[in-house]
Amino acid sequence: MAVSGSLVIPNQSPVQFLKPKRPNLRCKKHFCLKASAGNLQDDQEGKMWIRKENDSWKIDFYGKKPATPLLDTINYPVHMKNLSTTELEQLAAELRADIVHTVSETGGHLSSSLGVVELTVALHHVFDAPEDKIIWDVGHQAYPHKILTGRRSRMHTIRKTSGLAGFPKRDESVYDAFGAGHSSTSISAGLGMAVARDILKKKNNVISVIGDGAMTAGLAYEAMNNAGFLDSNLIVVLNDNKQVSLPTATLDGPAIPVGALSKVLTKIQASTKFRKLRETAKGLTKQFGGDTHEIAAKVDEYARGMISASGSTLFEELGLYYIGPVDGHSIEDLVPMFEKVKAMPAPGPVLIHIVTEKGKGYPPAEAAADKMHGVVRFDTKTGKQVKSKSSTLSYTQYFAESLIKEAEADDKIVAIHAAMGGGTGLNFFQKRFPDRCFDVGIAEQHAVTFAAGLATEGLKPFCAIYSSFLQRGYDQVVHDVDLQRLPVRFAMDRAGLVGADGPTHCGAFDITYMACLPNMVVMAPSDEAELMHMVATAAAIDDRPSCFRFPRGNGTGVVLPPSYKGTPLEIGRGRIIMEGNRVAILGYGTIVQQCIEAAHMLRSQDTYVTVADARFCKPLDRDLVKQLANEHEILITVEEGSIGGFGSHVSHFLSLTGILDGSLKLRAMVLPDRYIDHGSPQDQIEEAGLSSRHISATVLSMLGRSKEALQFK
């Protein structure tokens, strides 16, 4: 076991006279990179300048593509190995400018990537990827990594159909050591790679980069606990930008600069000789036995505790050798730090605590309330985003407004989210009811059981979690909520296909994993008005758990309930939207809109179908299913979910009742049994085979009109 310990660096040096005197910089010449040749007027009006000024790099954003002469020579990390510190700083400045320009045209995750530019440059300069494994937690911050690992020419395709993924992806590049998208997985994955390396007798390094937000999840602590026990060489980089929720807030302000003495102490603590000395001392004390080793370890810990920052002892007790905090925007500090840690001969996990600022180097991001975390296209000069206008709000906003109305009428309603106040819309609820909204951090397991505890005392918790994120708390849904029949209400946002975020965030499985639970009421609205009614329905259900799913994107524009206050629905009762003959289409969720569109398309073929909205998967509207089956030759179920969901419940009911023993033709249209890559929502629904065209073609094919069906395929 490596010596657990820490070197914690104070924010300000108590020994000011140790600071070297700065030279007079007023006479220094500025080193400028112009975007293109041309007269001064052209440069001032339309170009971007990158220049070194007063020992730091400055970027003026004017809207056009910047000149990046050094970055243009870097195709892979190997091309960075011989660069000097000054050249690495220049590379970082050009990389930051390139990211701003690229994301201004594509949209995506901006500020996370800007915050790790220097870190990414330092890591790829010191370590030898892909042999050395660099794992990016979540992956929002991976844009500079992608640019430096052979993908710069494709960055204009990021998050687009057939383009680069927005997160690290193993089959996209050998430099992506581990796929990401969900939070807090990097240390566990890194530890597994480190142990595998040791078993296979390899010598490569493993580096896990994790943010302070991701550190709020239990998985990270489980991994660190195990890492301290297994004692394999593992480098954990804690990227501390004081942002623990998404979209991020600015309550804590910018990171405090790291003082000169802090830099010196960090270098000493990371030095090979210092580490060797402490490991040797540890070995000697072990030989004497008894309490000698423990006493020596405690003396070491308390001696260094005189300069300790709060929190470091936690990492020490978990068995990680703590170094920091380090200025995460200083190439001059990061490179020697990583070089010395890389050269350490002593075994064991190391945690390097770096301090960064989200959105660093781009003033509009630094000033924005959300740090410009996730953006659409924007003007690089002002940061103003070019958001498309819509006559309707998002489903997320309709959910939030409806929940606020329910909470105004019932003071027992409370809301819980897992570091996703912006994403779930609960930031609006929190503003209205600050004492009744709880952000538990990136901790879905805790969120679910916390909600269960609230329910035991008579409160009415609404637990708002993305469909794909709720997968992380599924055991708690089963064991702590459904088994005890506790009335927790789950609002599952981002249900179904999610466009640019791709398969990591696709809510494909919630119908299946919720509807199999004996006590759960499972609902899905066909439009925003139905969503408001289901919020009211969930609030009224107080004897068992319930859930409802809704998609990413905007509403359809239907007439809304007065004041956004829904009316509780009859449990387990669907509705018929339009009546036809021979063929019935039974939709579940917002895919009903595609069913309605298909019905209108089929009228051009002189075919009139019945369209029904199931509303409930559990309890199933058995009377409605029987009616549709008995009055039609063909019954088609449609859902934007995986196999095993709504269609399976319908077919199971029909088989048990013997209806399938007759002449009824039954088909279930579901998401294909594979993951669908990122792309536009329309491209994804077409690839999934669930568009109105596919529904129309299925109807005509089942009617024996295959040639006519071809025009819809």
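Tutor: Contact means that heavy atoms lie within 4.5 Å of each other. Helices (H or I, at least four residues) and strands (E, at least two) are DSSP runs, numbered from the N terminus. The model is predicted, with local features needing pLDDT of at least 70 and side-chain atom pairs counting only at pLDDT 80 or more, while totals for chains, interfaces and linings use all residues. Residues are numbered from 1 along each chain as its sequence is written, and side-chain values use heavy atoms, with hydrogens and water left out.

Student: What covers the buried residues of H26?

Tutor: The cover includes strands E19, E22 and E23 (665-669), together with helices H22 (592-603) and H27 (706-710). Among the buried residues of H26, which spans 692-702, are Ile695, Val699 and Leu700. Just after H26 comes Gly704, with a positive phi of about 80°.

Student: Why is Thr157 called buried?

Tutor: Buried means under 20% relative accessible area, exposed over 50%, and partly exposed in between (1.4 Å probe, protein chains only). Thr157 has 17% relative accessibility, so it counts as buried. You will find Thr157 in the loop between helix H5 (143-151) and helix H6 (186-199). Leaving aside neighbours within four places in sequence, Thr157 is in contact with Gly163 and Leu164.

Student: How do you know how many disulfides there are?

Tutor: A disulfide is a pair of cysteine sulfur atoms within 2.5 Å, and by this rule the count is zero. For Cys516, the nearest cysteine sulfur belongs to Cys617, 10.0 Å away, and Cys516 is in no disulfide. Cys547 is in no disulfide either; its nearest cysteine sulfur, that of Cys617, is 8.8 Å away.

Student: What makes the buried residues of H23 line one face of the helix?

Tutor: Here is the list for H23 (622-631): Leu624, Val625, Leu628 and Ala629 are buried. Seen down the axis, they fall within an arc of 125°, so they line one face. That arc is taken from the directions from the helix axis to the C-beta atoms. An α-helix has 3.6 residues a turn, so residues three or four places apart point the same way. The face turned away from the buried side of H23 carries the exposed residues Arg622, Asn630 and Glu631. Cover for the buried residues of H23 includes strand E22 (634-639) and helix H24 (646-656).

Student: How do you know how the reach of H17 compares with the expected span?

Tutor: The expected span is 1.5 Å times one less than the number of residues. H17 (444-456) has 13 residues and reaches 19 Å from first C-alpha to last, close to the expected 18 Å. Its buried residues include Ala447, Val448, Ala451 and Leu454. After H17 comes Gly458, whose phi is positive, near 95°.
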